[in-house]
Amino acid sequence: MTARVLVVGDVMTDIIVRPEGPIVPGSDRRAEIRNRPGGSGANQAVWLGAAGAGVLFAARVGTSDRAMYENYFRGRGVVPVLAGDPDLPSGVLVTILDPSGERSFLTDRGANLNLGTDDLPETLLEGVGLVLVSGYSFFAAGPRIAVKGLLRAARSKGVPVAIDPASTGFLQEVGPQLFLDWVGQAEWLFANESEAELLSGQAEFDAQMRVLGEQFSHVVIKRGQFGAALGGRDGEAFSQAAPVVKVVDTTGAGDAFAAGFVAALLRGESVDACLAAGIAGGAKAVQFVGGQPQ
């Protein structure tokens, strides 16, 4: 039986705004506005479920939304372990899309900010072959304490850890070195090009791999339309190009990549096959609006 993945991260409602043209300050602009389920951790969990992986998802939502989210995740092949927050509502993310498909975000993390140690008991690690943690979980004190405790338990049990930094904005706010100190040693890092440059302090691609490889056994850099590469302290080892597709919305593409890669990894596939699975997931994700598979 293949071990399952434990995903820890945010649950959000994505409000996606696609204006017909440039926003006019102080006035109106017609736009298409849609609601979609989202959150980096939730996206990864649902994409993992779509890839056929066994996946457990731990997160925190508003109490009034808990049953709805549990039913939603179960319907997507995910085992939800959701805590209900009596004080804060579920998180909301407003995404503003420009005509090229690029995104800007306004974030209210809501109940995600109260994720605590009781929400992440060590028993979650039973039968788990990898823990995948969204970087958003480190950017507030309560969740950070809870996640660091879970990662200590994972390391003590020999369960591999994968980190997705998730946000250059928050990384710049707290400082890359502090974030790396919070995360500690891990087997896998899934970073996009901007995150890799910020965390390593290096502009050159191979140098980013070498620097980050001192802390992470395997460094995967997601390069969008240029594909992805994998390496470590000895520099780049493998790379693959991405197919040319029509980009509608890049929301969740990195989450889809990580999910595809991890699902293939736990199936015991080669590194080349894992990269291909990740790239295929990312390429699929950019072809429709929203961060989770349709």
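Author: Arginine 267 has a relative accessible area of 46%, so this residue is partly exposed. The model is predicted. Arginine 267 pairs with glutamate 269 in a salt bridge. Their closest N and O atoms are 2.8 Å apart. Glutamate 269 also counts as partly exposed, because its relative accessibility is 33%.

The count of salt bridges comes to 10. One of them joins aspartate 164 and lysine 222, with 3.2 Å between the closest N and O atoms. Aspartate 164 sits in strand E9 (residues 161-164) and lysine 222 in strand E11 (residues 216-222), so the bridge ties together parts that are 58 residues apart in sequence. Both aspartate 164 and lysine 222 are buried.

Next comes arginine 223. Its side chain meets that of glutamate 193 in a salt bridge, at 3.1 Å from N to O. Arginine 223 lies in the loop between E11 and strand E12 (228-232), and glutamate 193 in helix H6 (residues 193-200), so this pair links parts that are 30 residues apart in sequence. Arginine 223 is partly exposed, with a relative accessible area of 27%. Glutamate 193 is partly exposed too, at 32%.

Salt bridges also form a network here: Arg60, Asp85 and Asp119 are linked in this way. From arginine 60, turn to glycine 282. Their C-alpha atoms are 26 Å apart, and the two residues are separated by 222 residues along the chain. Glycine 282 belongs to helix H9 (residues 271-285). Glycine 282 counts as buried, because its relative accessibility is 13%. Beyond its neighbours within four places in sequence, glycine 282 contacts Ala253, Ala256 and Phe257.

How values were computed: Residues are numbered from 1 along each chain as its sequence is written. This is a predicted model: local features need pLDDT of at least 70, side-chain atom pairs count only at pLDDT 80 or more; totals for chains, interfaces and linings use all residues. Side-chain values use heavy atoms; hydrogens and water are left out. Helices (H or I, at least four residues) and strands (E, at least two) are DSSP runs, numbered from the N terminus. Buried means under 20% relative accessible area, exposed over 50%, partly exposed in between (1.4 Å probe, protein chains only). Contact means heavy atoms within 4.5 Å. A salt bridge is a side-chain nitrogen of Lys or Arg within 4 Å of a carboxyl oxygen of Asp or Glu.
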